[in-house]
Amino acid sequence: MPGFLKLPTHSAIINWDELVQANSNLPTVAHNPHFFPFFSGFLSLSPYYFILKENDVAVGLFPIVKTGNQFISMPHFSYGGIFWLLKRRFEEENIIQQIISGIEQEKLEAGFYTLDISGCKNEKFPTGKIEIRGETPFFGNIFSEKTRHFISLKKTKEAQLESFSSNLRRKINKAERNGIEIKNGKDELLDDFVNVYQKNMHKLGSPAFGKSFFRALLEIPGANASIYIACYFNKPVGAAFCLSYFGFTENVWFSTISKYNNLYPAYLLHWKMIEGAIIQKKKIYSFGRSTTSSGVHEFKKQWQAEEKPLYFSNSKPEIFNLKNQKWLTKIWKLLPPFVVNNVGPIVAKRIY
């Protein structure tokens, strides 16, 4: 495969955005190049963003991040892999392996690169482990317990509401009648978001990101980050953190306080995020991922969204994964809040 050509970061991001904007398909928020400083700076990882070319014509975009001895596309998100600008004519698994081999052999520093893939041959194999996330399985070592849900958005909120079942509309209206109010903003709502989010994650037995993690995302202009808070008599009882990239909006982190769920705050929260996406002329609203057949999965089915399995594909067998240790979940639930709120963010940043 021909060599990598390193690009200046600022102009590469502009070029990447222009290629996406000119394409009829939509990439996910995980393909947003504006996260480069978040990965390289705040998380101290090594992100690589490749503009793939064939005979000097851009055919695909591929982001991947090195986390220790493994490469993930993309950590902390549900998606990754190659976003094809033209109809795929190449073996994606082979191309990814060749790219990682090139990174390892040439000891590439983090950054943006162009790469001509027309000469890609099945010759080199990377030594590091690779994980690719998305709707296509690769490699053979696959974790597939997650499902994603997308809604293709209507042009108006009235048309969108009309597309929902009467029972779903009833629950959205019931939340408003119950006194649930939705606030939308950024930094001014960060404390409320983190308090609800961390409380819910503790109840679930999972380490939660800290305030600095979300503040770092809010500070990236191209991330288009936004916070939604559901309040009951000014008390935050639900919270969501949204990211957008061109026509794609995703509710990436979402939590509610369970004892208030009978007031239907989750329904109004999602509706206000969908409504906001329509106002911004987005095309897709993503509910994010959930465990297949879980209660959250069943909740999302009510929105008549397109449902597809998500695959976390690994180039090597999984030896140990902290996320799969159920006994740790039981212990985490028993720890006092001041411990999990201080230790959790340190752990969560390393669970990719």
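Student: What does buried mean here?

Tutor: Buried means under 20% relative accessible area, exposed over 50%, and partly exposed in between, with a 1.4 Å probe and protein chains only. F112 is buried, with a relative accessible area of 0%. W16 is buried as well, at 0%. This is a predicted model: local features need pLDDT of at least 70, side-chain atom pairs count only at pLDDT 80 or more, and totals for chains, interfaces and linings use all residues. Numbering runs from 1 along each chain as its sequence is written, and side-chain values use heavy atoms, leaving out hydrogens and water.

Student: How is a pair of aromatic rings described?

Tutor: By the distance of the centres and the angle of the planes. Rings of Phe, Tyr and Trp (its six-membered ring) pair if their centres lie within 6.5 Å; planes under 30 degrees apart are stacked, over 60 edge-to-face, the rest tilted. That rule gives 45 aromatic pairs. W16 and F112 have ring centres 6.3 Å apart and planes at 90 degrees, so they are edge-to-face.

Student: Which aromatic pair is tilted?

Tutor: One is Y79 with F150: 6.1 Å centre to centre, 55 degrees between the planes. Y79 is buried at 3% relative accessible area, and F150 counts as buried at 11%.

Student: Which residues form one aromatic cluster?

Tutor: Its members include F35, F38, F42, Y197 and W253.

Student: Where does the charged end of K349 sit?

Tutor: A charge sits over a ring if NZ of Lys or CZ of Arg is within 6 Å of the ring centre and within 35 degrees of the ring normal. The charged end of K349 sits over the ring of F42, 4.7 Å from its centre. For K6, the ring is that of Y113, at 5.9 Å.
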